[in-house]
Amino acid sequence: MVWAGVSQRGKTAIIFCEEGNKINAESYREDILKVALPKMKRVFRGTPLVFQQDNAPSHRAKSTQDYLKEKVSDLIDSDRWPANSPDLNPMDYSVWGALKKKVYRSSSSTTEDLKAAIVKEWRALSQDFIDNAILQWRKRLRLVIQQNDGHIEHLL
């Protein structure tokens, strides 16, 4: 599993979970959030940190939500997440697909080769691309509302 975050102020480093590691609430907090949040706060310093996740069980867990409420200035509570959140998450509707397309152009024969390709392409992903993905959010939100929380990809 690979984890990363984006904003209009920059992007986080890529975090890799150990191969075969099943992500649960505890491993998500210990292996990802405790590593990522301090780095995110440095990248995004001076502005409120709004933290959006998807509906993965480790994200929705009460222990994760409690931890984030302590650490993040503006957490979107899991009970306020829209039903089709992939349609409203720039990482899901844009960034991961673009990264995957670039990574798969190169051949990787080992896990280490694949990790190196992911890091290389992540670093090369431009801030303009990320900004454009983020700027699609309001339009997508309006469409999700118009569709009564239904899917919107066919409308774009």
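Reader: What gives the most to the lining of the second largest pocket?

Author: Helix 5, with four residues. Residues 111–124 make up that helix, and "helix" here is a DSSP run of H or I of at least four residues, numbered from the N terminus (strands are E runs of at least two). Bear in mind that this is a predicted model, with local features needing pLDDT of at least 70, side-chain atom pairs pLDDT 80 or more, and totals for chains, interfaces and linings using all residues. Residue numbers start from 1 along each chain as its sequence is written, while side-chain values use heavy atoms, without hydrogens or water.

Reader: What makes a residue part of that pocket's lining?

Author: Having an atom within 4 Å of a pocket point; on a 1 Å grid over the protein atoms alone, a pocket is an open set with protein on both sides within 12 Å along at least five of seven lines. Lining the second largest pocket are M1, V2, F16, C17, E18, E19, G20, N21, T111, L114, K115 and I118. Its volume, meaning the space filled by probe spheres set on the points, is about 160 Å³.

Reader: How do you know how many of those residues are nonpolar?

Author: You sort them by name: Ala, Val, Leu, Ile, Met, Phe, Trp, Tyr, Cys and Pro are nonpolar, Asp, Glu, Lys and Arg charged, and the others, Gly among them, polar. The second largest pocket comes out at six nonpolar, three polar and three charged.

Reader: What about the largest pocket: what is its volume, and which residues are closest to its centre?

Author: About 1000 Å³. V6, V50, Q52, N89 and P90 are the closest to its centre, out of 34 lining residues. Among the elements giving two or more residues are strand 1 (2–3), strand 5 (50–51), helix 1 (25–43) and helix 7 (137–146). The top contributor is helix 4, with four residues. By class, this lining has 21 nonpolar, nine polar and four charged residues.

Reader: Why are helix 4 and helix 5 called oblique to each other?

Author: Helix 4 (residues 90–103) packs on helix 5 at about 120°, with the axes 9 Å apart. Angles run from 0 to 180 degrees between N-to-C directions, along axes fitted to C-alpha atoms over the stretch in contact. Under 35 degrees is roughly parallel, over 145 roughly antiparallel, 65 to 115 roughly perpendicular, and the rest oblique; this pair is therefore oblique.

Reader: Which residues make that contact?

Author: With contact meaning heavy atoms within 4.5 Å, they are M91, V95, L99, K102 and V103 of helix 4, plus L114, A117, I118, E121 and W122 of helix 5. Eight are nonpolar, none polar and two charged.

Reader: And what does the angle make of helix 4 and helix 6?

Author: Helix 4 and helix 6 pack at about 150°, with their axes 9 Å apart, so helix 4 runs roughly antiparallel to helix 6. P90, Y93, S94, V95 and A98 of helix 4 meet F129, A133 and I134 of helix 6. That's seven nonpolar, one polar and no charged residues.

Reader: Why are helix 1 and helix 3 called roughly parallel?

Author: Helix 3 (residues 62–71) packs against helix 1 at about 15°, with axes 11 Å apart; helix 1 and helix 3 are therefore roughly parallel. Their contact pairs A25, Y28, R29, L33, K34, L37 and K41 of helix 1 with S63, T64, Y67, L68 and K71 of helix 3. Six of these residues are nonpolar, two polar and four charged.

Methods
On a 1 Å grid over the protein atoms alone, a cavity is a set of points where a 1.4 Å probe fits but cannot get out, and a pocket is an open set with protein on both sides within 12 Å along at least five of seven lines; lining residues have an atom within 4 Å of a point.
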